Amino acid sequence: MASILISGAAGVSIPLVGTLLPLNGGLMRGAKAFAAGVILATGFVHMLSGGSEALSDPCLPEFPWKMFPFPEFFAMVAALLTLLADFMITGYYERKQEKMMNQSVESLGTHVSVMSDPSLESGFLRDQEDGGALHIVGMRAHAEHHRHSLSMGAEGFEALAKRSGVSGHGHGHAHGDVGLDSGVRHVVVSQILEMGIVSHSVIIGISLGVSHSPCTIRPLLLALSFHQFFEGFALGGCVAEARLTPQGSAMMAFFFVITTPIGVAVGTAIASSYNSYSVAALVAEGVLDSLSAGILVYMALVDLIAADFLSKKMSVDLRVQVVSYCFLFLGAGMMSALAIWA
């Protein structure tokens, strides 16, 4: 438990500490590509294969488990439900953010209208203390600078909002466009990704906890420690890119770090009565692994790989292309290699 706890904590902490680096720098882009490869390999090589193995076990009855490819079906359903959840959650946050932006623009318009009237401005200056007066003077200078845009009415406010880094319409897409929902996308991705990883972590923790043979536990422990490190690194990279509050980032990292040790503790507690070859255990393991596979494959391909590798920055910079593809294949290859032991 201590080994897995430390490995997971180290993996998830490195990208969070690395938030001091520029997001579009070569190192961060390489780390994001590596994380995407890790998640893709986790979904295909570890989870989907584990679900297939569990649901095709000879201990399961012939009907219905041998009559239909349930692992692939559950993975497909999970991917489609993830798409639906992705769409709905992003839309909710997008509407909420757009409402806040509109309120800010209206407030800015009121201030600028006041600044356009010298008599009102002088009255405000007399009524304000030093700090407030300096703020209004700054607003006056800002209004003068953008007067050519503001004179155009709604279009002017739109232009000013864009200069401030916000868009009034803001329907940016996950394929690298910068818009209203660029920050929202990263938040949604990190939350859905953690859901997929955590459900898998519980299964592998219980599997380790119920093991009795030291010859099985030692290599499995080493492999799972690396497994948690790479998964933590991938999740930490997505959480770092979401730019959450320190408390939010710490909470997501904490839940990831403790999930597998808790699974180990539960597995150890029920080891005497747990039968890993019972129908209930095999079905639960197979279904959860298959669902997790669908979630992670969708997140890796749509929200991580496509978002970066189809972006304008990638298409015009050969050096970024080479670095990103090398790290993508490296992450996928290293995570796939762990399937030899775990």
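Contact means heavy atoms within 4.5 Å. His46, for example, is in contact with Ala41, His227, Met335, Leu338, Ala339 and Ala342, when its neighbours within four places in sequence are left aside. The structure is a predicted model, in which local features need pLDDT of at least 70 and side-chain atom pairs count only at pLDDT 80 or more, while totals for chains, interfaces and linings use all residues. Residues are numbered from 1 along each chain as its sequence is written, and side-chain values use heavy atoms, with hydrogens and water left out.

**Overall architecture**

- The protein chain has 14 helices and zero strands; helices (H or I, at least four residues) and strands (E, at least two) are DSSP runs, numbered from the N terminus.
- Buried residues make up 45% of the 342 residues in the protein chain, where buried means under 20% relative accessible area, exposed means over 50%, and partly exposed lies in between (1.4 Å probe, protein chains only).
- The accessible surface of the protein chain comes to about 17500 Å², and 70% of this surface belongs to carbon and sulfur atoms; the areas come from the Shrake-Rupley method with a 1.4 Å probe, and for residues only the protein chains shown count as cover.
- Among contacts between residues at least 6 apart in sequence, 79% join residues at least 24 apart.

**Confidence of the prediction**

- The average pLDDT of the protein chain is 77, and 75% of the residues score at least 70; pLDDT is the predictor's confidence in each residue, from 0 to 100.

**Helix H14**

- The 20 residues of helix H14 (residues 318-337) should span 28 Å at 1.5 Å a residue, and the end C-alpha atoms are 28 Å apart, which agrees; the expected span of a helix is 1.5 Å times one less than its number of residues.
- The buried residues of H14 are Val320, Ser324, Leu328, Gly331, Ala332 and Met335.
- An α-helix has 3.6 residues a turn, so residues three or four places apart point the same way.
- The exposed residues Leu318, Arg319 and Phe329 are on the face of H14 turned away from its buried side.
- At the start of H14, a side-chain oxygen of Asp317 comes to within 3.1 Å of the backbone nitrogen of Arg319.

**Helix H1**

- Helix H1 (residues 2-17) has 16 residues and reaches 22 Å from its first C-alpha to its last, close to the 22 Å expected at 1.5 Å a residue.
- In H1, the residues Ile4, Ser7, Gly8, Gly11, Val12 and Pro15 are buried.
- Seen down the axis of H1, these buried residues fall within an arc of 110°, so they line one face of the helix.
- Ala2, Ile6 and Val17 are exposed on the other side of H1.

**Individual residues in helices**

- His46 lies in helix H2 (residues 26-55) and counts as buried at 9% relative accessibility.
- Ser201 has its place in helix H9 (residues 182-209) and is buried, with a relative accessible area of 0%.
- Not counting residues up to four places away in sequence, Ser201 touches Gln228, Glu231, Phe256, Thr259 and Thr260.
- Glu72 lies in helix H4 (residues 70-115) and is partly exposed, with a relative accessible area of 41%.
- Glu72 and Leu48 are 24 residues apart in sequence, and their C-alpha atoms are 7.6 Å apart in space.
- Leu222 is found in helix H10 and counts as exposed at 53% relative accessibility.
- Leu222 and Ser7 are 215 residues apart in sequence and 10.0 Å apart in space, C-alpha to C-alpha.

**Backbone features**

- Phe63 and Pro64 are joined by a cis peptide bond, with omega about 5°; Pro64 is found in helix H3 (residues 62-65).
- Arg243 has a phi near 55°, a positive value in a residue other than glycine.
- Arg243 is found in the loop between helix H10 (214-242) and helix H11 (246-269), and at 46% relative accessibility Arg243 counts as partly exposed.

Notes. A polar contact is a pair of N or O atoms within 3.5 Å; within protein, one must be able to donate a hydrogen and the other to accept it, and residues adjacent in sequence count only if both atoms are side-chain atoms. The arc is that of the directions from the helix axis to the C-beta atoms.
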